[in-house]
Amino acid sequence: EARLDKVRYIHGEPIYVHITMGNQSTRAVKKLRLSVKQVANICLFSNAIYKCTVASVEHDLNVQPSQTIAQTFSIRPLLEDNRDKRGLALDGQIKSEDTNLASSTIALPIANREALGIVVKYIVKIELFVSMGGELKLELPFTLSHPIPEHYEEDMEPPPQPTDANAENINVELDESGAYNNTLLSAQADDQLLIDFESNTLTGKETDA
């Protein structure tokens, strides 16, 4: 069992992953790998999906058969560790000192995907490696954003409800497992830029950094 301590994180904030593991197999669990992946869906003339690992840590384990452990691990995605990577979505220009990784896209169900331009999501990927080969994988979605200004929370009005009964929900495919299909997205800063993409950005080709 794995869970995050919350679903929304501020840029620069550590992500805590709580893991409870009961080994009911005949092999020992030797290693745990945590990674944070940014998934950027380019919604222009044709779709292109870029997956980039923005943080990764490994921990040695020795969970023997019939043994149970409960531990908390942390990971922190930062732009400083990813400045040389290609296919990375940012909230501004990389030369700006206050630039950070792109915030998660939040959009109303009636939003036009092409109008959004770039849809950004984040997931924590958990991998367990067992002796004599083999691994287990689990993915947990979360939201990465800026803090909400206090005056904005006080004056904020509820979002308008869709009036078209036939309006379709946004469906973003994160991976082949289909674990996060039918995810509703909402509001995003319009100064979001995508940098250093290769020339096949609009070919619909999926890349995984």
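**View 1. The salt bridge between Glu58 and Lys31 in the predicted model.** Glu58 pairs with Lys31 in a salt bridge (a side-chain nitrogen of Lys or Arg within 4 Å of a carboxyl oxygen of Asp or Glu), and their closest N and O atoms are 3.6 Å apart. Because Glu58 belongs to strand S5 and Lys31 to strand S4, this pair ties together parts that are 27 residues apart in sequence; helices (H or I, at least four residues) and strands (E, at least two) are DSSP runs, numbered from the N terminus. Glu58 is partly exposed at 43% relative accessibility, and Lys31, with a relative accessible area of 23%, is partly exposed as well, where buried means under 20% relative accessible area, exposed over 50% and partly exposed in between (1.4 Å probe, protein chains only). This is a predicted model, in which local features need pLDDT of at least 70 and side-chain atom pairs count only at pLDDT 80 or more, while totals for chains, interfaces and linings use all residues. Residues are numbered from 1 along each chain as its sequence is written, and side-chain values use heavy atoms, with hydrogens and water left out.

View 2. Arg33 forms a salt bridge with Glu58, with the closest N and O atoms 3.0 Å apart. Arg33 lies in strand S4 and Glu58 in strand S5, so the pair ties together parts that are 25 residues apart in sequence. Arg33 counts as partly exposed at 23% relative accessibility. A network of salt bridges links Lys31, Arg33, Glu58 and Glu127, and the structure holds 5 salt bridges.

**View 3. The salt bridge between Glu135 and Lys137.** The side chains of Glu135 and Lys137 meet in a salt bridge with an N to O distance of 3.7 Å. Glu135 is partly exposed, having a relative accessible area of 40%, whereas Lys137 is exposed at 53%.

View 4. Phe142, in strand S9 (residues 135-145), is buried with a relative accessible area of 5%. Leaving aside neighbours within four places in sequence, Phe142 is in contact (heavy atoms within 4.5 Å) with residues including Leu4, Ile15, Val36 and Tyr122. The C-alpha atoms of Phe142 and Ile15 are separated by 9.6 Å, although these residues are 127 residues apart along the chain.
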